[in-house]
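Please go through the chain shown below with the following notes at hand.

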Amino acid sequence: QVQLVESGGGLVQPGGSLRLSCAASGSFFSIYVMGWYRQAPGKQRELVATITKGGTKGGTTNYADPVKGRFTISRDNAENTVHLQMNSLKPEDTALYYCKGQIEIRDDRTRYLRDYWGQGTQVTVSS
């Protein structure tokens, strides 16, 4: 059973910072693209940032325009973790933040790739 568990959300004032973390556990062969998504009340879930597997500390990163220059995604492949450093937070960043991993499962009879999601961690930016 593969699980992704997020942590690090909370309440922060505008201009503040938060660091989100997501840890993958369970039985799997490899994790490829990892990413962060968010969903604000009444809105659809949207991409925040993604990072490819790359080397030990990850590869290519991609950011949604609203967070470019403020958020930084990183990963540690040895620990099966992905992080999101969020600086200069704005009220419009308020949302439930989800971690997603593109994970390969292998056993004696099969191999497949599927997306796994965490349960989400709430980020609220308010004075």
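Thr 94 sits in the loop that runs between β8 (81-86) and β9. In this predicted model, Thr 94 has a relative accessibility of 21% and so counts as partly exposed, since burial would require a value under 20%. Leaving out residues up to four places away in sequence, Thr 94 touches Ala 40, Gln 122, Val 123, Thr 124 and Val 125. Gln 122 is 28 residues away from Thr 94 along the chain, and the two C-alpha atoms are separated by 7.8 Å. Two polar contacts involve the side chain of Thr 94. One goes to the backbone oxygen of Pro 91, at 2.9 Å. In the other, a polar atom of the Thr 94 side chain lies 2.9 Å from the backbone nitrogen of Val 125.

The loop between β8 and β9 also holds Ser 88. Ser 88 is not a glycine, yet its phi is positive, at about 50°. Its relative accessibility is 41%, so Ser 88 counts as partly exposed. With 25% relative accessibility, Asn 80 is partly exposed. Such values deserve a note because most residues other than glycine have a negative phi.

Now to the strands on either side of these loops. Strand β9 (residues 95-106) pairs with strand β10 (residues 111-117) in the antiparallel sense, over seven bridges. The two strands make a hairpin, with four residues between them. Within this pairing, Ile 103 stands opposite Arg 114 of β10.

Strand β8 belongs to an open sheet of four strands, in the order β1-β3-β8-β7 and with antiparallel pairing. Which strands form the edges of this sheet? They are β1 (3-7) and β7 (71-76), each of which pairs on one side only. From one strand to the next the twist averages 15°. The antiparallel pairing of β1 with β3 extends over five bridges. There, Ser 7 has Ser 21 of β3 as its bridge partner.

On edge strand β7 lies Ile 73. Is Ile 73 buried or exposed? Its relative accessible area is 4%, so Ile 73 is buried. Between Ile 73 and Ser 21 there are 9.8 Å from C-alpha to C-alpha, and the two are 52 residues apart in sequence. Apart from neighbours within four places in sequence, the contacts of Ile 73 include Val 82, His 83 and Leu 84, together with Met 34, Gly 35 and Trp 36. Ala 49, Thr 50 and Ile 51 are also among the residues that Ile 73 contacts.

Thr 50 itself is placed in strand β5 (residues 46-51). Its relative accessible area is 16%, so Thr 50 is buried. Besides Ile 73, Thr 50 contacts Val 33, Met 34, Gly 35, Tyr 37, Thr 60, Thr 61 and Asn 62, with neighbours within four places in sequence left aside.

The largest nonpolar core has 32 residues, of which Trp 36, Leu 84, Met 86 and Tyr 97 touch the most other members. At least two residues of this core come from each of β3, β4 (30-39), β5, β7, β8, β9 and β11 (121-125). The greatest share is that of β9, with five residues. For Met 86, the contacts beyond four places in sequence are Gly 16, Ser 17, Leu 18, Leu 20, Arg 70, Phe 71, Tyr 97 and Val 123.

The model has one disulfide, formed by Cys 22 and Cys 99, whose sulfur atoms are 2.1 Å apart. Cys 22 lies in strand β3 (residues 18-25) and Cys 99 in β9, so the pair ties together parts that are 77 residues apart in sequence. The torsion about the S-S bond is about -75°, so the disulfide is left-handed. Both cysteines, Cys 22 and Cys 99, are buried.

How values were computed:
Residues numbered from 1 in each chain as written. Predicted model: local features only at pLDDT ≥ 70, side-chain atom pairs only at ≥ 80, totals over all residues. Heavy atoms only, no water. Buried < 20%, exposed > 50% of the residue type's maximum accessible area, 1.4 Å probe, protein only. Contact = heavy atoms within 4.5 Å. Disulfide = S-S within 2.5 Å. Pairing = 2+ DSSP bridges. Polar contact = N/O pair within 3.5 Å; in protein donor to acceptor, adjacent residues only side chain to side chain. Axes fitted to C-alpha atoms, helices over the stretch in contact; angles between N-to-C directions. Core = buried A, V, L, I, M, F, W, Y, C linked by side-chain atoms within 4.5 Å.
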